[in-house]
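This briefing goes through one protein model by topic, from the overall layout to single residues. Please keep the sequence and the 3D view side by side while reading.

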Amino acid sequence: MKLGTLDLKDGKWLAVNCGKFPSEKNCQLVIMAPAHQRDDLVEAASAHAVRVHGHPDTPQLRQELGKHLETLEL
């Protein structure tokens with residue numbers, strides 16, 4: 001699938017959308033990864049949550065983020 005200049009491979013993708021969480025910064029960041037890279041996606045999302053939004057870096061944060069992943073079929 002072409003998305004702008006991105007050429008994404010067809011298949012199942014996972015995404016986390018920061019805009020769906022309450023935020024004083026009105027953050028709209030979306031991070032995507034192929035489904036087989038779920039752990040990498042959760043790690044990237046948790047790093048963003050810690051650095052940008054000040055959340056504590058805990059296993060519970062990763063667990064919560066993992067619950068909010070959206071599945072996309074391209």
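At what angle do α1 and α2 pack, and how far apart are their axes? The two helices pack at an angle of about 115°, with their axes 9 Å apart, where axes are lines fitted to C-alpha atoms, for helices over the stretch in contact, and angles run from 0 to 180 degrees between N-to-C directions. This is a predicted model, in which local features need pLDDT of at least 70, side-chain atom pairs count only at pLDDT 80 or more, and totals for chains, interfaces and linings use all residues. Residues are numbered from 1 along each chain as its sequence is written, and side-chain values use heavy atoms, with hydrogens and water left out.

**Overall layout**
- The protein chain has 2 helices and 5 strands, these being DSSP runs numbered from the N terminus (helices H or I, at least four residues; strands E, at least two).
- Read from the N terminus, the order of elements is β-β-β-β-α-α-β, and the C-alpha trace spans about 35 × 25 × 15 Å along its principal axes.
- Of the 74 residues in the protein chain, 28% are buried (buried means under 20% relative accessible area, exposed over 50%, partly exposed in between, with a 1.4 Å probe and protein chains only).
- Taking contacts (heavy atoms within 4.5 Å) between residues at least 6 apart in sequence, 49% join residues at least 24 apart.

**The sheet**
- An open sheet is formed by 3 strands in the order β4-β3-β5, with antiparallel pairing; two strands pair if DSSP finds at least two bridges between them.
- β4 and β5 (70-73) are the edge strands, each pairing on one side only, and the twist from one strand to the next averages 30°.
- β3 and β5 pair in the antiparallel sense over 4 bridges, and L14 has T71 in β5 as its bridge partner.
- Helix α1 packs on this sheet, touching β3 and β4, and its direction makes about 160° with that of β4.

**The nonpolar core**
- The largest nonpolar core has 11 residues, among them L14, V16, I31, L41, A45 and L65; such a core is a set of buried Ala, Val, Leu, Ile, Met, Phe, Trp, Tyr and Cys residues joined through side-chain atoms within 4.5 Å.
- At least two residues of this core come from each of β3 (12-17), β4 (30-34), α1 (38-53) and α2 (59-67), and α1 gives the most, with 4 residues.
- Leaving aside neighbours within four places in sequence, V16 is in contact with F21, L29, V30, I31, L41, A45, L65 and L69.

**Where the helices meet**
- On the α1 side, R38, V42, E43, A45, S46, A49 and V50 meet L61, R62, L65 and G66 in α2.
- S46 lies in helix α1 and counts as buried because its relative accessibility is 1%.
- Not counting residues up to four places away in sequence, S46 touches L61, R62 and L65, while a polar atom of the S46 side chain lies 2.9 Å from the backbone oxygen of E43.
- D39 also lies in helix α1, but D39 is exposed, with a relative accessible area of 61%.
- D39 and G66 are 27 residues apart in sequence, and their C-alpha atoms are 8.6 Å apart in space.

Definitions and conventions
A polar contact is a pair of N or O atoms within 3.5 Å; within protein, one must be able to donate a hydrogen and the other to accept it, and residues adjacent in sequence count only if both atoms are side-chain atoms.
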